[in-house]
Amino acid sequence: MMNRPRIGVALAGGGPLGAVYELGALCALDEAITGLDLANCHAYVGVSAGGFIAAALANGMSPREQCASFIENEGAAHDIFEPSLLLRPAWGEFARRLAALPRVAWQALWVGALQRRSASVTLEQFGHALPTGLFSNTGVEAQLRRQFAVAGRSNDFRKLQRKLVLVATDLDSGESAPFGQPGWDGIPISQAVQASSALPGLFPPVEIGGRCYVDGALKKTLHASVLLDEGLDLLLCLNPLVPFDAAHAPRHRVLSSGEPRIPKLVDGGLPVVLSQTFRTLIHSRLELGMKGYERSHPDTDILLFEPDQRDPEMFLANTFGYSQRRRLAEHAYRQTREQLRAQRPLLAAKLARHGLTLDDAVLDDHHRTLLRRPARRARPGLPSALAVKKLEQVLDELEVALLAD
């Protein structure tokens with residue numbers, strides 16, 4: 001009898017949108033791969049938004065259970081995650097900076113007027129009074145603390161039945177902080193998630209043991225090496241953020257959400273340009289990391305799942321737009337199922353080495369959906385994402401046929 005394979009799960013960050021994508025994709029994987037139990041794998045590593053999901057998986061919460069609490073706001077009261085928790089102003093940080101303003105103003109006056117320094121130096125002094133984050137993440141930590149206090153779960157890394165690593169970045173040294181590893185496992189899991197997801201500018205750094213920590217994605221995109229060194233047989237990686245390939249995007253002019261497609265990214269203005277820049281930087285870093293993992297750990301099969309770079313739905317979605325989370329989760333679920341079908345022979349061969357199989361009946365059931373209640377439909381008269389995808393496939397096949405002639 002084949003020994004139970006050592007399977008790991010590595011989840012990258014990506015804000016609320018990243019969490020929505022990962023939940024939809026994980027649900028698709030969990031039901032389509034026979035023998036895989038994503039809530040009972042050997043080890044997990046999570047970065048930023050991926051840390052929320054990894055911590056819940058390590059506590060035995062299935063992707064479907066997490067989808068109910070985070071996407072549909074259903075289930076037990078202690079499990080329901082209210083999106084508004086991430087949008088509460090950081091009043092404590094504002095108050096601390098405001099209290100420091102008189103001292104900062106006096107220092108600026110001393111530097112500018114009395115020492116006759118340049119205006120830029122004076123403005124730099126006033127920068128000390130600016131908040132380090134707009135929103136508070138203390139409510140998130142409190143919610144996770146309640147969630148992991150339920151019987152059968154734990155907020156203590158050392159009491160988990162499965163290995164869990166949540167990576168943050170030490171703000172003062174720039175080094176990774178692998179909470180959950182030996183020597184890093186003495187803090188609550190909820191606090192590690194809070195630190196790992198403290199994106200600079202949005203959330204204040206999290207102070208732990210006299211050190212300040214911020215988002216773990218500053219150092220690496222995936223941090224998969226902390227699991228690969230465990231001698232895994234199979235590692236499943238999910239990365240929600242990819243650069244958008246506008247040159248090969250679908251030909252339709254309107255998205256299923258009813259929003260118009262941007263023909264050129266520059267037409268979207270600064271937010272779209274910055275998003276594409278950020279995504280390109282972290283994805284290029286991920287590509288280098290994946291090549292390094294394949295060389296350093298040739299005995300581990302590594303499977304990476306991420307959105308289609310030609311998909312405008314995931315790129316143009318409002319990262320903090322929770323009203324869209326049900327539609328986007330369904331979209332991620334369906335897209336991952338399409339990816340599994342498209343790569344079926346290759347994936348089946350790799351999974352078979354570890355006693356896993358693809359469930360063809362599940363994959364070929366086109367009536368399956370993620371959500372029990374249908375996601376919010378687009379405005380009447382606009383094409384659905386599925387119809388658009390089908391039209392795109394027909395046009396591509398026609399193009400190939402014409403070229404062949």
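Visitor: Which residues of α7 are buried?

Guide: In this predicted model, the buried residues of α7 are Gly-139, Val-140, Glu-141, Ala-142, Gln-143, Leu-144 and Gln-147. Helix α7 covers residues 138–147, and because seven of its ten residues are buried, it is largely enclosed by the rest of the structure.

Visitor: And what do the buried residues of α7 pack against?

Guide: They pack against two other helices, α2, which spans 49–58, and α8, which spans 189–196.

Visitor: Okay, switching to the nonpolar core. Which residues in the largest one touch the most other members?

Guide: Those are Leu-38, Leu-164, Leu-166, Phe-179 and Ile-189, in a core that has 72 residues. Helix α1, residues 15–32, supplies the largest share of this core, with eleven residues. Apart from this core lies another one of 19 residues, which includes Ala-12, Val-167, Cys-237 and Leu-286.

Visitor: Let's zoom in on Leu-166. What is Leu-166 in contact with?

Guide: If we leave aside its neighbours within four places in sequence, Leu-166 is in contact with a set of residues that includes Gly-46, Gly-51, Ala-54, Ala-55 and Phe-157. Among its other contacts are Ala-177, Pro-178, Phe-179, Ile-189, Ala-192 and Val-193.

Visitor: You mentioned α1. How do α1 and α3 cross?

Guide: The axes of α1 and helix α3, residues 63–70, come within 9 Å and cross at roughly 145 degrees, and the crossing is left-handed. On the α1 side the contact is made by Ala-19, Val-20, Leu-23, Leu-26, Cys-27, Asp-30 and Glu-31, while α3 contributes Pro-63, Arg-64, Gln-66, Cys-67 and Phe-70.

Visitor: New topic: is Asn-239 buried or exposed?

Guide: Asn-239 has a relative accessible area of 1%, and because that is under the 20% cut-off, Asn-239 counts as buried. This residue lies in the loop between β8 (234–238) and α10 (269–296).

Visitor: What does the side chain of Asn-239 reach?

Guide: The side chain of Asn-239 reaches the backbone oxygen of Leu-241 at 3.0 Å. Beyond four places in sequence, Asn-239 also has contacts that include Ala-12, Tyr-21, Thr-221, His-283 and Leu-286.

Methods
Residues are numbered from 1 along each chain as its sequence is written. This is a predicted model: local features need pLDDT of at least 70, side-chain atom pairs count only at pLDDT 80 or more; totals for chains, interfaces and linings use all residues. Side-chain values use heavy atoms; hydrogens and water are left out. A nonpolar core is a set of buried Ala, Val, Leu, Ile, Met, Phe, Trp, Tyr and Cys residues joined through side-chain atoms within 4.5 Å. Buried means under 20% relative accessible area, exposed over 50%, partly exposed in between (1.4 Å probe, protein chains only). Helices (H or I, at least four residues) and strands (E, at least two) are DSSP runs, numbered from the N terminus. Contact means heavy atoms within 4.5 Å. A polar contact is a pair of N or O atoms within 3.5 Å; within protein, one must be able to donate a hydrogen and the other to accept it, and residues adjacent in sequence count only if both atoms are side-chain atoms. Axes are lines fitted to C-alpha atoms, for helices over the stretch in contact, and angles run from 0 to 180 degrees between N-to-C directions. A crossing is left-handed if the near helix is turned anticlockwise from the far one by less than a right angle, and right-handed if clockwise.
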